[in-house]
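Hi,

Here is the structure I promised to pass on. Have a look at it first, and my notes follow below.

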Amino acid sequence: MDKLYWLDQIKLQDRAKVGDKAFYLSRIIQRGYPVVPGFVVSAEILREFLENLNSSESLVADLPHSSLHLDVANWRQLQQVAGRLRQEILTATVPQQWVSTIFQAARQWQTGCLILRPTLAVSNATLNMKNISGLLESVFCQCEPEAIAFALKRTWSQIFRARSLLYWQRAGINLQQMSLAVLVQPVENAIASGLLRANSSGWEIEATWGLGIAIALGEVQPDVYYIQQETGVVLEQQLGNKILAYSVDDAAPRAFSQPAPKSLLTPDHTCLSTYVIQSAQQKQYALQEEYLQQIIALGTQLVSELGKTFTIKWTIAQQTTSGKLYITQVSPSQSVIIPHGHFIRGLGAAGGRVVATALVINPQQKPEQLPKGVILVVTAIAPDWLPLLHQVAGIITEQGGLTSHAAILARELGIAAVVNAISATSLIQTGERLLLDGDRGEVYRIKGDSKEEMDKRGEENLLSPHHPNPKVPHPALTSHLPMIATQLLVNLSQSSLIEQVQSLPVDGVGLLRSELMILNILSGQHPNSWILGGRQAELLELWSEQIMQFARAFAPRPVFYRSLDWPQDLLSLSDSLQSSPQSMLGERGTFSYLRNPAVFELELKALARVQQAGYSNVNLLLPFVRTVEEFVFCRRKVEQALLTEVSQFQLWMMAEVPSVLFLLPEYVKAGAAGISIGTNDLTQLLLGVDREQGQLAKVFNELHPAVMSAIAQLIQMAKSAGIPCSICGQAPALYPEIIDKLVEWGITSISVEPEAVERTYQAIARAEQRLILAAARRKLH
C-alpha cells in the first residue's frame with residue numbers, strides 16, 4: 001500500500017482511485033465546508049487483494065478478470081456463487097502492512113470507533129449509477145487492527161453479494177469497470193443526525209436522535225421539516241416516531257435513556273450500541289432551533305457549489321459544551337458534476353455558472369467581433385478586448401490571476417470566468433459544449449446535453465448567457481442593511497451598468513476606470529490617432545459625454561475619475577505609445593503624461609466640460625504616480641484647465657507604486673487631497689509578482705504580510721497628514737477577511753466591484769460593530 005488518500009488532499013485525477021462518494025466530499029472539504037475528516041484506501045488495493053487470493057477454485061483464480069455475468073435467472077446458482085466468492089474474501093488474510101498503515105492513520109483521531117464507507121466509481125456505465133445505496137453499505141468497527149482487517153474485507157465483499165451480482169449484470173458492468181475504494185472516518189457520538197434533500201420545489205430535512213444509522217436501517221420514522229428554499233423559512237414540521245437511537249459504545253446518553261432490549265442490539269456493529277429513548281424525549285423534535293438554522297444556512301451555501309438539486313447527510317457531533325455540525329455524505333445532481341466529463345481547473349475569477357458553446361481564439365489574431373452567447377477561450381485578454389466581451393457568455397483564459405485584466409473585466413461585466421486554466425486552448429475545441437463554473441474555477445465538457453436538458457435535470461441556477469450583469473444585487477436585497485460609518489464606493493467603467501448600480505447602497509464611484517470606459521468609443525484607435533487625424537473635437541465630445549453619464553447618475557455623490565493608465569498590453573491599439581517591450585511597467589500613468597501631454601490635456605478638457613454642464617461631483621484620481629515631480633506637473637495642468645475653480649473639486653492620487661510609502665508627506669505638500677490604495681499594482685510591485693501570472697498570484701497575494709503592512713502604513717500616514725484614504729483594488733472583494741483590519745486601521749472608504757457591494761457592506765457593518773463592542777467593554781473595565 002503506497003499511500004492513503006486524505007480527503008483534504010485528493011486531486012481531480014484521483015477520482016477513479018477514490019470513488020465518487022469520497023471525491024464529492026473532498027471537493028466540499030477543500031472548499032472549507034465542515035466535513036468529518038477521513039482517508040481513502042484506494043480501489044487499486046482491492047484489485048491487488050483479489051489478484052493475490054490463494055484459491056484452487058477457477059472462479060476465484062480468474063476473479064480480477066471475470067465479467068461476473070452469470071445466469072441470474074438461476075437464483076440457486078446465483079446464491080451459491082455469491083456465497084463462495086464472499087467466503088473466499090472473508091477468510092483471506094489482509095497483508096499486515098496494509099492493516100498497520102490504516103491503523104496508524106486512524107489512531108490520530110483518538111476514537112474507539114471507525115466507519116468504513118464503500119465509495120464506487122464505474123467507468124463507461126450504460127445506466128444511471130445514482131441508486132446503488134442498497135447494494136453497498138457502510139461497516140462500523142472498533143479502532144483495532146484485527147477489527148479493521150475484517151471490516152475492510154466485509155466492505156469489499158459486498159460487490160459479490162447476490163443482489164449486487166444481479167445488478168451488475170443488468171447494468172452491463174463487469175469488474176474491470178468498477179473501482180471500489182473504502183473511505184475510513186472516525187465516529188463520534190451524535191446529538192442528532194439526518195439528511196437534507198434539496199431541489200427546485202423545496203427542501204426536506206430529516207432528523208433523528210443519535211447516529212444516522214437508525215434512519216439508514218429504517219428503524220425510526222424521523223422528524224421531517226419542509227423548508228422554502230428561497231427564504232429558508234420552515235413551512236411545516238412533522239414529529240417522527242423515534243423509539244431508539246444509536247451511539248458509540250459506552251457513550252450512550254444514559255441520563256436520557258434506558259438500555260435497549262438484547263433483541264435491538266446489532267452484532268454487525270461491534271463499536272455501536274442502541275438505546276431506547278425515554279418517552280418524554282420521544283415527544284420532542286431531535287433538532288433544537290439553533291441546529292435547524294445551521295443546517296438551513298449550510299444548505300443555502302451549498303446551492304452555490306452544487307446547484308439547486310442535491311442531497312447531503314449530516315451529523316451534529318456531541319462535543320464538550322455543544323454540538324458541531326458536520327457533513328458526512330454529498331450526493332450532487334448528476335447535471336452539476338457531470339460524471340466522467342473531461343475536466344479543466346483554473347482560478348474562479350468571476351462567479352456564476354453558464355452552459356454555452358466554446359469559441360477558441362488565437363490571441364495574435366483578435367477578431368473584429370464575437371458571436372453572441374459563446375464561452376470565449378483564449379490565452380490572455382488585454383483591456384482593449386472589452387468592446388468584444390459584452391456579447392460573450394463566459395471567459396476562460398490560460399494566463400492571469402484574480403487581479404488580471406480578464407478577471408477584472410469579467411467581474412465588472414458580470415460574466416462567469418475562469419483564469420489560469422492551463423492548456424485550455426489546446427484541450428478545448430471550438431464548437432464544444434461546456435459548463436463553466438466561475439465560482440469553483442471549473443470547466444466541464446458536456447456531451448449531448450442541450451441547455452434545456454440541463455434545466456430539466458436540475459441545473460436551474462445556471463446563468464443565462466444573455467443575462468445582463470447577473471451578479472449585481474437587486475435593490476430589494478439591500479433594504480435591510482444596517483447603517484455604516486465607513487464609506488462604501490463602487491468601481492465602474494461601463495455606462496451600460498449605471499442603471500443597475502446607481503440604486504445600490506453606495507456613497508459614490510470610488511474608481512471610474514477611464515481606459516476601459518473610452519474603449520467603447522475609440523473604434524480601435526489610440527486617442528493620439530484621433531488627435532493627429534484632426535478629430536480632437538469629436539473625441540472631446542464623446543469623452544465628456546461618457547463622463548457626464550456617471551456624474552449625472554450619481555450626483556451629488558462623488559465620482560472619482562482615474563485618468564488614463566496605458567499598460568503595455570494595450571499596444572494592440574494602432575499608433576499607441578512607445579513603451580518597453582513586454583513590460584507591465586513602461587510608460588504608464590503620469591510619466592506618460594510628461595512624455596506626451598496631449599491626451600492628458602484632452603482628458604482635462606473633457607472634465608472641464610462636465611463641470612461647465614453643472615456637475616461638481618467629479619474628482620480626478622492620478623494613476624501610477626512614481627515621483628513628486630510627476631504629481632506637480634499634473635497639478636499644474638489641472639490648474640491650467642481651471643478645474644480647481646470649482647470648490648468641490650479634489651485632486652487625488654493612486655497609492656500603488658511603493659515609493660509612496662516614503663514620499664506621501666511630500667505629495668500632500670504638493671497638493672494631494674487624498675489617496676486611493678491600488679492593491680493590484682502595489683502587491684505585484686512589492687512582491688515582484690506579475691498579476692497576469694496566475695500560478696504565482698495564488699501564493700503571493702494581497703494577504704502577504706508585506707502588503708498588509710504597507711496598507712496599514714498608508715492609512716496611518718494619511719490620517720497623520722489629515723487626508724482621506726480609500727482602497728479601490730480587488731483585495732477587499734477577493735479577501736473579505738481584511739475588511740476587519742481596514743476598518744480597525746481607520747480606512748475612510750472602500751471601493752469594490754458591483755457584485756461585491758452587498759457582502760462588503762455587511763462585512764463593514766460587522767467590523768464596525770465589533771469595534772463598538774470592544775470600546776464599550778474597555779470602558780466598562
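This is a predicted model: local features need pLDDT of at least 70, side-chain atom pairs count only at pLDDT 80 or more; totals for chains, interfaces and linings use all residues.

To start with a strand: which residues of β3 lie on one side and which on the other, and are they buried or exposed? On one side sit C113, I115, R117, T119 and A121, on the other L114, L116, P118, L120 and V122, and all of them are buried, so both faces of β3 are covered. Buried here means under 20% relative accessible area, exposed means over 50%, and partly exposed is in between (1.4 Å probe, protein chains only).

Residues are numbered from 1 along each chain as its sequence is written, and side-chain values use heavy atoms, with hydrogens and water left out.

Back to β3. The strand spans residues 113-122, and ten of its ten residues are buried. Two strands count as paired if DSSP finds at least two bridges between them. By that rule β3 has these partners:

- Strand β4 (residues 139-142) runs antiparallel to β3, and four bridges join the two. In this pairing, L114 is opposite C141.
- Strand β5 (residues 178-186) also pairs with β3 in the antiparallel sense, over nine bridges. Here L116 faces V184.

V490 counts as buried because its relative accessibility is 0%. V490 and C728 are 238 residues apart in sequence, yet their C-alpha atoms are 8.4 Å apart in space.

Now the charges. Side chains of opposite charge can pair when their charged atoms come close. The cut-off used for a salt bridge is a side-chain nitrogen of Lys or Arg within 4 Å of a carboxyl oxygen of Asp or Glu. The structure holds 23 of them, and here are some to click on:

- E601 and K637 meet at 2.6 Å, N to O. E601 is in helix α21 (residues 598-612) and K637 in helix α22 (residues 628-640), so this pair ties together parts that are 36 residues apart in sequence. E601 is partly exposed at 30% relative accessibility, whereas K637 is buried at 15%.
- R635 and E639 form a salt bridge at 3.3 Å, N to O. They are four residues apart in helix α22, which means about one helical turn separates them. Both ends are partly exposed, R635 at 23% and E639 at 37%.
- E545 and R552 pair at 3.9 Å, N to O. E545 is partly exposed with a relative accessible area of 33%, and R552 is partly exposed too, at 42%.
- E137, R161 and R163 are linked in a salt-bridge network.

There is also a patch of negative charge on the surface, made up of D2, E44, E48 and E51. E51 belongs to helix α2 (residues 43-51). Patches are made of residues with over 30% relative accessible area and no salt bridge, with like charges joined within 9 Å and nonpolar side chains (Val, Leu, Ile, Met, Phe, Trp, Tyr) within 5 Å. The areas come from the Shrake-Rupley method with a 1.4 Å probe, and for residues only the protein chains shown count as cover. Asp and Glu count as negative and Lys and Arg as positive, while His and the chain ends are not counted. Each charge is placed at NZ of Lys, CZ of Arg, CG of Asp or CD of Glu.

Finally, the backbone. Most residues other than glycine have a negative phi, and most peptide bonds are trans. The exceptions I noted include these:

- A555 and P556 are joined by a cis peptide bond, with omega about 5 degrees. P556 is in the loop between α19 (536-554) and β25 (559-562).
- N420 is not a glycine but has a positive phi of about 60 degrees. N420 sits in the loop between β20 (416-419) and α14 (424-427), and is buried at 4% relative accessible area.
- L642, also not a glycine, has a positive phi of about 65 degrees. L642 is in the loop between α22 and β27 (651-655), and is exposed at 52% relative accessible area.

Cheers
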